[in-house]
Amino acid sequence: MMEKIIFLTLFALLISPFVQQGGTQGFAQDVKIYGKVTGEDNKPLNGANVVIEGTIDGATADSIGYYEFETSKTGQQSLLFTYIEYNDRRKTVVIEQGRNIEMNVQLRKAEVETEEILVTASSYTSGQQSQVTITPLEIVRIPGSDGDLYRAITTFPGSNQVDEGSRITVRGGDENEVLTILDQASLHHPFIFDDDFNTSSYTTINPWGLKGINFSSGGFSAKYGNVLSAVLDLKSYEMPQGTGAFLWLGLANVGLSGVFLSNDKKFGATVDIGQTILDPYFRLNGYLIDSYNPIPLARGVGGTISFKPNDKSNLKAIFDYSEDRIGIRNTSPSYDGYFNSKASTIFSNLKYSTGIGSKTYLSAGLSFSNHKDNISYGILNNDVKKLYGKLRLDLTHQLSKKIDLNFGSEYEYNEDKFAGRVPLYNYNLRLDAPNIDINSNSHTGRIGTYVETQLKPFKTFFAIAGLRADYHTLSKKTAIDPRLSLGWKFAENNILRGAVGLYHQFPRLEYYAQSMDFNLKPEQAIHYILGYEFNKSEGLFLFRVEAYYKDYKNLVIKDANSFIYSTGGKGQAKGIDVFIKSRITNKYSTWISYAYTDSKRRQYDAQSEVSANYDITHNLTFVGSYNITDNITTGLTYRISTGKPYTPVSGSNYDTAHNVYEPIYSETKSGRFPTYQRMDINFQYFFSLFGRFAIVVFQINNLLNQKNLYDYTYNFDYSLRKEIVTTNKRQFYLGFGLQL
Amino acid sequence: MKKLTLTVLFFLIALINSNKSYSDDYSDAMKKAAKKLDAVQDISDRAALLKIRGDFERILQLKKNEWLINYYMAYCDLMIAWSYMGEKPDSENIKKYNESCIDLLNRSTDLKDDFAEAYILKMSANSNRWQYEPNKMNDIIAKGTEATDIAKKLEPENPRYFLVDATITYYTPENFGGGVDKAMPLFEKSWESFKTYEPKDETYPNWGKDQAAGMIALCYVKKDKLDEAKNWIDKGLESAPESGFLKGYVMKQYDEAKKK
């Protein structure tokens with residue numbers, strides 16, 4: 001018995017130190033440490049952790065932020081407080097026997113990584129960047145955009161749609177002031193039915209092959225040269241994302257595309273074939289078939305081949321061919337007949353990119369494109385050939401965590417051939433009208449180079465400073481462009497942005513061909529942009545407002561009495577863009593864009609500063625999409641904008657020699673078309689057919705059948721004005737896609 | 001003899017004590033915390049999960065760069081993120097815990113790049129991103145494929161690999177290659193491989209058997225085969241009698257289906 005007692009006492013004595021958790025004083029009482037952990041606004045931080053550093057003594061805060069624990073440690077100790085998304089905090093305490101400690105701590109929210117700031121002003125991006133304004137799926141789903149990338153872009157502020165086609169204009173300027181880049185190559189004619197009379201053009205770019213889309217309507221980087229107003233920079237996937245095929249049967253078009261990716265993911269290829277079949281579509285939508293001869297036809301074939309020689313390098317070749325032809329009846333004052341056009345475009349690009357070490361990235365591209373176009377109407381009949389070749393090199397080097405360096409060079413060759421017959425007076429197009437035969441051939445080169453640095457001195461501040469130079473071999477003129485862009489995240493979700501820079505674009509080769517001694521200066525613009533953005537939860541709610549001012553100089557003007565072009569135009573554009581996007585629920589998302597523009601220029605025919613060609617004062621676009629179920633989605637787009645400026649005719653003179661009336665024009669661009677309005681809706685239904693993914697698309701463009709103007713025309717003596725309504729009257733479209 | 005006994009006892013206690021004087025011993029603490037985690041039967045018990053997450057985080061004080069601690073913290077975060085899904089998803093908190101989970105898993109795989117379990121969790125955490133950033137579709141698909149490829153290469157017969165793969169398939173719409181019919185054989189594979197699976201030691205992950213049974217039951221509920229469903233719920237409860245997933249979630253779905 002006694003033995004047992006001794007044994008138990010002994011055991012208790014021996015075991016006590018370890019019950020006491022090995023404290024410095026074996027028999028001492030534990031000290032309780034307790035308190036509250038809160039965030040900036042005294043909000044309790046449920047789940048915050050506290051620990052005495054170097055030990056596992058500590059606790060987790062509960063739902064009211066309260067924690068408590070006991071420790072046998074004494075003396076000076078460091079308490080570490082941590083919480084997800086918050087900065088760590090340390091507190092030194094002196095633990096004494098028998099004295100409990102209350103320690104209340106407030107933690108501060110950690111700042112979001114710098115990458116989240118998107119600096120460039122006036123830009124709308126899609127793809128894999130951290131901050132996207134729109135996703136590729138949204139682009140395809142925008143009602144009225146017909147799955148066309150360019151038309152989708154026109155739902156953003158800063159851009160207008162041109163004549164219902166795919167081309168876009170920015171801040172009142174021409175569509176030629178917008179440069180499209182695909183994987184370093186310049187795309188000069190990525191359209192079908194381009195520049196054709198009263199016909200909607202469509203882009204040949206497939207949005208699904210793109211991993212990044214960046215549209216900037218001003219203040220863009222020094223990487224982009226020889227462009228005055230805006231850049232659409234597209235980046236395609238280096239490798240296809242998988243293997244498969246897709247068939248499309250639409251009321252107006254059919255297509256087949258396939259993608260292939262090898263098992264080791266080192267080789268990939270894609271192919272795309274498509275053709276329009278417009279006869280049934282025209283009949284359904286009440287087009288007068290007699291107005292067309294031939295009915296518009298477009299077809300194309302394209303593809304890519306990708307190869308990955310090693311982990312760091314990539315080689316990709318793109319090829320695309322498209323052709324179209326159209327005949328459309330037009331009654332003009334001097335001629336009644338078909339406007340005929342036949343065009344074809346070949347585009348190819350070879351791109352190689354590789355990482356050199358861990359901090360340098362090099363990409364090189366070689367591109368070639370050849371565009372041929374034949375148009376005829378009355379006496380007018382000409383062949384145009386435009387050839388472009390470009391070699392480009394870009395180098396990015398990370399100097400330190402705070403400094404990136406970009407450098408690049410390019411050489412672009414451009415050749416224009418023009419052969420044909422043009423009327424001597426543009427008001428007389430009769431088959432027997434006086435005319436001249438022109439056969440011209442001109443070419444030029446351009447060498448461009450840039451250097452740019454991206455600075456991130458603080459986590460919330462970003463600056464891009466760049467300088468570029470371009471030399472034009474035909475005019476022997478050089479343009480120097482310094483550019484600066486700043487971004488400051490002054491509070492959570494709040495970003496202030498600004499940009500200022502000089503932009504140059506050499507006039508099109510055809511203007512040089514019609515100038516004296518090729519002595520045209522590059523057209524110049526200075527961009528000033530200031531913007532504010534509120535962006536909550538990456539696009540859950542996005543609000544942007546931006547003011548801009550652009551000052552133009554050296555614009556091309558045409559002599560009033562001859563064909564001769566010279567430098568000497570000028571002008572300016574100012575305005576405000578507003579963009580609101582919201583994903584109200586997972587089912588419903590919407591954006592509204594509004595742009596106010598005041599753009600005046602003396603350019604081309606204008607004798608003084610008048611409204612620019614696309615000076616659209618007010619432009620409001622609403623886009624909404626709603627997921628009715630997981631399988632059925634619907635959307636609506638509504639646009640309303642000020643009518644386009646045009647030059648009215650006030651009377652005519654009779655030309656006795658040729659028996660034709662010559663119009664007398666009012667002041668250039670002094671008239672305006674009526675307000676433009678359009679509402680488009682669409683439905684998509686996703687389902688499974690033979691175990692494959694299938695989709696049906698139904699859409700109605702211009703639901704309310706608004707009569708939007710393409711142009712005015714006149715009777716033979718200009719005494720009667722007639723409206724040419726755009727081809728985009730109310731249109732029904734039905735399409736079916738099946739994954740093969 | 002008595003003396004000898006006492007000496008031995010002394011010696012033994014001294015030994016225990018000397019070990020225990022570093023009572024902050026790593027593997028001991030890990031075992032304790034892992035056991036506690038095992039004992040959380042209701043995976044939607046957020047308060048309990050937060051507490052255990054804290055336990056693991058404090059063990060980091062003993063081994064600053066331990067891949068397994070990071071794994072367990074990530075596992076807690078993943079379950080906390082799940083607990084916010086439910087009928088009215090709280091996307092802010094889903095994102096917060098899921099992103100933390102992904103960060104911790106990345107740290108874990110940086111420290112030890114051949115631990116299959118971490119990649120299996122990555123598959124799951126990555127698919128949760130659909131809930132709060134569907135606009136990063138391409139990145140979600142790319143990262144998901146990468147994690148799946150590595151996990152499959154490292155432990156092709158891991159029951160949790162099948163379980164996570166099956167769960168992702170289950171919640172993917174049929175049109176996009178998912179659905180009950182495709183998921184079910186994967187759940188069954190998972191269940192089969194759980195039968196023979198033995199964790200390396202006490203600190204290694206050992207979760208998911210009840211989930212495999214529960215998900216098979218759910219598949220049967222969806223197929224309107226309620227007897228089979230009940231059968232699987234019972235099978236699951238046999239191996240985890242207190243499973244909150246089976247009792248709180250699967251049973252509820254089963255009862256609702258039965259009422260109809």
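Biologist: What covers the buried residues of α5(B)?

Modeller: In this predicted model, the cover includes α3, α4 and α6 (116-128) of chain B.

Biologist: And which residues of α5(B) are the buried ones?

Modeller: They are Asn93(B), Ile94(B), Lys96(B), Tyr97(B), Asn98(B), Ser100(B), Cys101(B), Ile102(B), Leu104(B), Leu105(B), Ser108(B) and Thr109(B).

Biologist: How many residues does helix α5 of chain B have, and what does it reach from its first C-alpha to its last?

Modeller: Helix α5 (residues 91-111) has 21 residues and reaches 30 Å, close to the 30 Å expected at 1.5 Å a residue.

Biologist: Zooming out, how many helices and strands are there in chain B?

Modeller: Chain B has twelve helices and zero strands. Of its 260 residues, 51% are buried. Take the contacts in chain B with a separation of 6 or more: 64% of them come from residues 24 or more positions apart.

Biologist: Let's do cores. Which residues have the most contacts inside the largest nonpolar core?

Modeller: That core has 99 residues, and the ones with the most contacts are Tyr67(A), Leu79(A), Phe81(A), Leu37(B), Phe56(B), Tyr71(B) and Phe187(B). Helix α4 (residues 67-83) of chain B gives the most to this core, with 13 residues.

Biologist: Pick Phe187(B). What is Phe187(B) in contact with, leaving aside its neighbours within four places in sequence?

Modeller: The list is Leu163(B), Ala166(B), Thr167(B), Tyr170(B), Ala212(B), Met215(B), Ile216(B) and Cys219(B). There's also another core lying apart from the 99-residue one. That other core has 27 residues, among them Val178(A), Leu210(A), Phe215(A) and Leu542(A).

Biologist: Over to chain A, then. What does the domain assignment of chain A give?

Modeller: Domain 1 is 19-106 and domain 2 is 116-739. The C-alpha centres of those two domains of chain A lie 62 Å apart.

Biologist: I'm looking at the open sheet of four strands in chain A. What order do the strands have?

Modeller: The order is β3-β2-β5-β6, and the pairing is antiparallel. β3 (58-60) and β6 (89-95) of chain A stand at the edges with a single partner strand each, so one side of each has no neighbour in the sheet. On average, neighbouring strands of this sheet are turned by 20 degrees against each other, direction ignored.

Biologist: Which helix packs on the sheet?

Modeller: Helix α3 (residues 46-59) of chain B does, touching β2, β3 and β5 (75-82) of chain A. The direction of that helix makes about 145 degrees with that of β3(A).

Biologist: How many bridges join β2 of chain A to β3(A)?

Modeller: Three bridges join them, with β2 covering residues 49-52. One to click on: Asn49(A) has Thr60(A) as its bridge partner in β3(A).

Biologist: Further along chain A, how many residues lie between β21(A) and β22(A) in their hairpin?

Modeller: Five residues lie between them. Eleven bridges join β21(A) to β22 (residues 313-331), and the two run antiparallel. In that pairing, Gly300(A) has Ser322(A) in β22(A) as its bridge partner. β21(A) is also joined antiparallel to β20 (residues 267-276) of chain A, by nine bridges. There, Thr270(A) stands opposite Thr304(A) in β21(A).

Biologist: What about Asn702(A), is its phi positive or negative?

Modeller: Phi of Asn702(A) is positive, near 55 degrees, and the residue isn't glycine. Asn702(A) is in the loop between β43 (692-701) and β44 (709-714) of chain A.

Biologist: Why does Asn702(A) count as buried?

Modeller: Because its relative accessibility is 0%, and buried means under 20%.

Biologist: And where is Tyr718(A)?

Modeller: Tyr718(A) is in the loop between β44 and β45 (721-725) of chain A.

Definitions and conventions. Residues numbered from 1 in each chain as written. Chains lettered and ligands numbered in written order. Predicted model: local features only at pLDDT ≥ 70, side-chain atom pairs only at ≥ 80, totals over all residues. Heavy atoms only, no water. Pairing = 2+ DSSP bridges. Axes fitted to C-alpha atoms, helices over the stretch in contact; angles between N-to-C directions. Contact = heavy atoms within 4.5 Å. Core = buried A, V, L, I, M, F, W, Y, C linked by side-chain atoms within 4.5 Å. Buried < 20%, exposed > 50% of the residue type's maximum accessible area, 1.4 Å probe, protein only. Domains from an automatic or database assignment. Expected span 1.5 Å × (residues − 1).
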